[in-house]
Amino acid sequence: MSEIHDVLVVGGGPAGSTCARALVAGGARVAVIDRADFPRVKLCAGWLSPAIWDVLGISPREYPRGLWEWHTAHVHFRGKDHKIPCHGWFIRRYELDDFLLRSCGAELHLGVNAKQITRDDDGLWRIGDLRGKYLVGAGGTHCPVARMLAPPRPRRAVGVQELELQTTEQIVARTRLGANGEPELLLFDDVGGYGWNVPKSDWINVGCGTLDANKVRDAWRYTHDHLRTAGHVPAEAEPELEHVKGHSYFLFDPAHLEGAQRDTALLVGDSLGLAHPITAEGILPATVSGRRAAEAILGGAPASYPTRLREDPVIADYRRVAGLVGAAAKLKKRVPAARPGKRDSDLGRKAVARGFAWMFSGKRLPGGRLLDLVLGNGR
Ligand SMILES: Cc1cc2nc3c(=O)[nH]c(=O)nc-3n(C[C@H](O)[C@H](O)[C@H](O)COP(=O)(O)OP(=O)(O)OC[C@H]3O[C@@H](n4cnc5c(N)ncnc54)[C@H](O)[C@@H]3O)c2cc1C
């Protein structure tokens, strides 16, 4: 029988490794269990917004793997192209997750599928031979710990398709729309999702996501056709582009927080469902929740985790965005649809494209407290 750990973390993605890193730094004995061997492929465009560096506690200069900083987003919306100044980074998940996990300081149990999770009479969590006082579920959308805690799911998961493939720098430079690292974003006409094409030196990352997961295959066909017709994906990549892979995950909903913790078990990242309600950014909230869960455990107050999460500036902002999205959906139902044949104004299109790109720079919504009052947050 192995020694007792303070915490067993199921899943070594950004949520699990960030939680483990903070726990180890606080003196806890931590085991991370992941069914994959690292480095592993994780479907993801690899976009990071600026707030991530503070949460990870490193500067971009200290990150030792591939990093693409960008200052312009190319947004295509309703037939028009917009070149919009904004700021962020891209990484390759194959590299980032491996770096974060291997540097977190926890004991790693890789290639181990946490299928059976039980609790002893003395309250210890048990996974195989491992025993721990606390259990952190960081296993993504299909996390076994999330199945146990079953957080409320008022909405269905979003659908996503993606492929990251390697060719040569010359080929990518020949076809990309902007400079190296600058994302090309295709905001769908119904604003129900978007496609992307990100050049990362000799790699390209292409994909799309839709709020309605049933629409994701059509959305991929549309994205692929658009990029191919524009000549923005290399012809050499076509055979591989036939094999995009699909996934689904939950966008943030305030109701999810009700299931964030039960007794000594806590959920972080995608296992809880924290991705940004519009952009679907998931790495930042995964790391934020990992940090907050670790703080609650180290403080001996696991029940404080949902409140810590709710009050975190990143999650508080997501709550406001979710409130605004909900209010806009209600308004759309009440206001009659535009007359058929009525054309979009250039100004309206530009405003939507700019607002969308602005979200990608990870900026917080202005007037947070006022919005909380209007939206009834905090009641
Ligand atoms: C196509 C696509 C594109 C995306 N693009 C972006 C983007 O550009 N930027 C962004 O911020 N977010 C993006 N996201 C979202 C982001 O990838 C996730 O929100 C993020 O990975 C969540 O991190 P996590 O640690 O919670 O989960 P994951 O990164 O999914 O890690 C979960 C880990 O748990 C392990 N695991 C699962 N089950 C078990 C088990 N039973 N036993 C042991 N281990 C287990 C898995 O092997 C995995 O390593 C994208 C998602 C998709 C699908």
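The model is predicted: local features need pLDDT of at least 70, side-chain atom pairs count only at pLDDT 80 or more, and totals for chains, interfaces and linings use all residues. Residues are numbered from 1 along each chain as its sequence is written, and side-chain values use heavy atoms, with hydrogens and water left out.

## Domains

The protein is divided into domain 1 (4–70 + 88–155 + 250–317) and domain 2 (158–249). These bounds come from an automatic or database domain assignment. The C-alpha centres of domain 1 and domain 2 lie 27 Å apart. Domain 1 gives 18 residues to the contact and domain 2 gives 20 residues. Contact here means heavy atoms within 4.5 Å.

## The ligand site

How many residues surround the ligand? The shell holds 36 residues, and the closest are Asp34, Trp47, Arg93, Asp270 and Ile283.

By type, the shell divides into 18 nonpolar, ten polar and eight charged residues. Nonpolar covers Ala, Val, Leu, Ile, Met, Phe, Trp, Tyr, Cys and Pro; charged covers Asp, Glu, Lys and Arg; the others, Gly among them, are polar. Domain 1 and domain 2 each supply at least three residues to the shell.

| Residue | Protein atom | Ligand atom | Distance |
|---|---|---|---|
| Trp47 | backbone N or O | oxygen | 2.9 Å |
| Asn113 | polar side-chain atom | nitrogen | 3.0 Å |
| Gly282 | polar backbone atom | oxygen | 3.0 Å |

The protein covers 95% of the 1,000 Å² of accessible area that the ligand has on its own. Accessible areas come from the Shrake-Rupley method with a 1.4 Å probe; for residues, only the protein chains shown count as cover.

Which elements give two or more residues to the shell? They are helix 1 (14–25), strand 2 (30–34), strand 10 (158–166), strand 14 (245–249) and helix 8 (283–298). Helices (H or I, at least four residues) and strands (E, at least two) are DSSP runs, numbered from the N terminus.

## Residues in helices

Thr18 sits in helix 1. Is Thr18 buried or exposed? Its relative accessible area is 4%, so Thr18 is buried. Buried means under 20% relative accessible area, exposed means over 50%, and partly exposed lies in between (1.4 Å probe, protein chains only). Not counting residues up to four places away in sequence, Thr18 touches Leu56, Thr287 and Arg291.

Leu298 belongs to helix 8. Leu298 counts as partly exposed because its relative accessible area is 41%. Beyond residues up to four places away in sequence, Leu298 touches Ala22, Leu23, Gly26 and Ala28. Leu298 and Glu184 are 114 residues apart along the chain, and their C-alpha atoms are separated by 42 Å.

Pro144 lies in helix 4 (residues 144–149). Pro144 is buried, with a relative accessible area of 14%. Residues up to four places away in sequence aside, Pro144 touches Val10, Ala114 and Ile117. Pro144 and Lys115 are 29 residues apart in sequence, yet 6.9 Å apart in space, C-alpha to C-alpha.

Asp372 is found in helix 12 (residues 368–375). At a relative accessible area of 18%, Asp372 is buried. The side chain of Asp372 makes a polar contact with the side chain of Arg320 (2.9 Å). Leaving aside neighbours within four places in sequence, Asp372 is in contact with Arg320 and Asn377.

## Backbone features in loops

Where is Pro39? Pro39 is in the loop between strand 2 and strand 3 (47–48). The peptide bond from Phe38 to Pro39 is cis, with omega near 0 degrees.

Ser201 lies in the loop between strand 12 (193–200) and strand 13 (203–210). Though not a glycine, Ser201 has a positive phi of about 55 degrees. Ser201 is buried, with a relative accessible area of 16%.

Ala280 is in the loop between strand 16 (265–267) and helix 8. Ala280, also a residue other than glycine, has a positive phi near 70 degrees. Ala280 counts as buried because its relative accessibility is 14%.

Conventions: Near = heavy atom within 4 Å. Polar contact = N/O pair within 3.5 Å; in protein donor to acceptor, adjacent residues only side chain to side chain.
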